[in-house]
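These are my notebook entries on one protein chain. I set down what I looked up, entry by entry.

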Amino acid sequence: MNYLTIENISKSFGENILFENLSFHIAKGEKVAFVARNGMGKSTLLKIIIGEESAEGEQAMVRLHKDVKLVYLDQSPELNDKQTVLEAVFETDNPTLTAIRNYEMCLLRPKEEEALQAALAKMDELEAWDYEVQIKQILFKLNINDLEQSIATLSGGQQKRVALAKVLIDEPDFLILDEPTNHLDLEMIEWLENYLTKTNLTLFMVTHDRYFLERVCDTIIELDEGQIYRYRGNYSHFLIKKQERKEHQVRDVVRARSLMRTELDWMRKQPKARGTKGKARIDAFYELEDRASKNIKEESLKMDIKTTRMGSKILELHNISKGYGDLKLIEKFNYKFKKKDRVGIIGKNGAGKSTLLNLLLQLDKPDTGKIVKGETVQFGYYSQDGIQLSEQKKVIEVVRDIAEYIPIEGKGRNITASVLLEHFLFPKEQHYTFVHKLSGGERRRLYLLTILMQNPNFLILDEPTNDLDILTLNVLEEFLMEFKGCLVVVSHDRYFMDKLVEHTFVFEGDGLIRDFPGNYTQYRDKLETEAQQPKENDEPKKKKSTEPEAKKDHQISREQRKAINRVENQIKKLENQKTELSAKFGDPNLNPNDIPALAKELEQIKQQIEEKEMEWMEMVEEM
């Protein structure tokens, strides 16, 4: 059964044609990814499907099966600022979800005993306890703890996680996702990947996360040069079949051009052919001309910009520490960067990754220890929040403001700003486009260009893959693999990290940074091996379990539910205390002498939260 049927839809904005006459379908149970270059209208297509944008074309049709419940997650969702997290997550007509919402609201007001008893009775009536535990697991995995918090106080990343939780909890038949992994840390991405792999949901998504494509999707639809291509399989299969298609196209164009020479000679001799066969041959000639005129040169992001020479001394970190009172972010860390070092940095949000980058760039100073920078080191810093391009400037003006001529590898060689833009996949007709008309990915590509034009020999990239299409990512990786300087990357793109990183700085908490000799996947494999070791030792004990114990009733009792509620309430109180303390650090009137005590108290509360969360998880797993 087809959940979605698309036929002959087109879309343009002024003279900019995004796509023409697209047709495809998505059947029940399929997990489909839509792949295209930046600026080709991926997000626009999703909005046409859900009805936020209108399709163009006389025969255009978008048909969704009438019995299918569809839910859409926007790349930058807009939630109601007047709601709390609880109200936003449980905004639904589903009676079971409504019962769970009422029950959760009663837990926040434990003195209203009659309302709580009524909510408990409704939960029993609808047999909603198992579902409620699943919901709590989703919220826990997405680090959504304070259900009373106002949406207005959340950051963009926090709102994205709340919106993701809402669509997963809603249990739709058909789920459409626009860049679902943005604003998630690595653990969240891996959890979501596993969740979507096991679910029976029908999916249609836009994502640049290639491991996500590899492990979740069973079909990839590609939009390339205005044509739709459908591949049955995951990302690896897509790469193989696309390469075969490209090779076939090249052979076809070469044959067409060879035949074109013969037909062109005939056309010159027989311009007035009037017979039926002559007219048919003339028609075939023009069709052949179209095939022969196709550009078979694969577009690439050619980046051979010259790198500044680097001396023997690069960057040295000598016993550096950084924190606030007893709140340790970095503790006695040592490292000497060597030529062509390739370092990945991972850790939970707030662990200190940005602090370390600021120390490397000497935008901040360590509390103890020292950082020694070599005289020849020239940083290039790509910040995820640092895109400050003038909206009213044209693309060519942004580049010319830096330099009209740019040196490239090779003695005395340079290229003009216009030629460099073409190498960066900005065709000539786009050079005089205003920045505010560029897509998010095109802006990031232009921002990256402005950094590389400054000839850095030490690149620091903070989430460089956000909003970049797969073509740009592939060639950016190829450039970085040939980059002769040092590279430091903070990214949630595991594929990107695995391809480029040779060792990993892991923020393990309490100021400890572990220098792991390998990439991200190798680090995860190491953790899994270590985690499985105790389980293997405990295997004989598991076999001794008695038959009655093996036949436990897994239904959740009210006593178990009360125990879980008690721990959840304790977590909520601790989270509120944490929020209040964190706010005090931003108070301009804060006495510096009070900082150590506040930091110590904050660290203690964080540790208590971690302990309670572990207790909660153990209780859920037992049930």
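**Entry 1: K328**

I began with K328, which counts as partly exposed at 36% relative accessibility; buried means under 20% relative accessible area, exposed over 50%, and partly exposed in between, with a 1.4 Å probe and protein chains only. I note that this is a predicted model, in which local features need pLDDT of at least 70 and side-chain atom pairs count only at pLDDT 80 or more, while totals for chains, interfaces and linings use all residues. Residues are numbered from 1 along each chain as its sequence is written, and side-chain values use heavy atoms, with hydrogens and water left out.

I located K328 in strand β11 (residues 327-336). Helices (H or I, at least four residues) and strands (E, at least two) are DSSP runs, numbered from the N terminus. Setting aside neighbours within four places in sequence, I found K328 in contact (heavy atoms within 4.5 Å) with K322, D510 and G511. I also looked up K328 and G509: they are 181 residues apart in sequence, and their C-alpha atoms are 8.1 Å apart in space.

**Entry 2**

I then turned to β1 (residues 2-13) and β2 (residues 16-27), which pair in the antiparallel sense over eight bridges. Two strands pair if DSSP finds at least two bridges between them. Across these strands, N2 has A27 as its bridge partner, and T5 stands opposite H25. The hairpin has two residues between the strands, and G14 there takes a positive phi near 65°.

I found that β1 is also joined to β4 (residues 61-64), in the antiparallel sense, by four bridges. In this pairing L4 stands opposite L64.

**Entry 3: helix α1**

I listed the buried residues of α1 (residues 42-50): K42, T44, L45, L46, I48 and I49. After α1 comes G51, with a positive phi near 95°.

**Entry 4: the nonpolar cores**

I took a nonpolar core to be a set of buried Ala, Val, Leu, Ile, Met, Phe, Trp, Tyr and Cys residues joined through side-chain atoms within 4.5 Å. The largest has 57 residues, of which L168, I169 and L196 touch the most other members. Helix α6 (residues 156-169) gives the most to this core, namely seven residues. Apart from this core lies another, of 42 residues, including I346, A417, V435 and L487.

For I169 I looked beyond the neighbours within four places in sequence, and found contacts with V89, L97, Y131, I135, I138 and L139.

**Entry 5: D146**

Is D146 buried or exposed? D146 is buried, at a relative accessible area of 16%. I placed D146 in the loop between α5 (129-141) and α6. Its side chain reaches the backbone nitrogen of E148 at 3.2 Å. Leaving out neighbours within four places in sequence, D146 is in contact with V85 and N576.

**Entry 6: cavities**

How many cavities of 30 Å³ or more are there? I recorded two. A cavity is a set of points, on a 1 Å grid over the protein atoms alone, where a 1.4 Å probe fits but cannot get out, and lining residues have an atom within 4 Å of a point. Grid points are joined across faces, edges and corners, and a volume is the space filled by probe spheres set on the points.

The largest cavity holds about 180 Å³ of space. Among the residues that line the largest cavity are K136, F140, N145, E568, K572 and W616. I noted that α5, α20 (558-585) and α21 (595-622) each supply at least two residues of this lining.

Technical notes: Polar contact = N/O pair within 3.5 Å; in protein donor to acceptor, adjacent residues only side chain to side chain. 1 Å grid on protein atoms, 1.4 Å probe; cavity = no way out; pocket = protein on both sides within 12 Å on 5 of 7 lines; lining within 4 Å.
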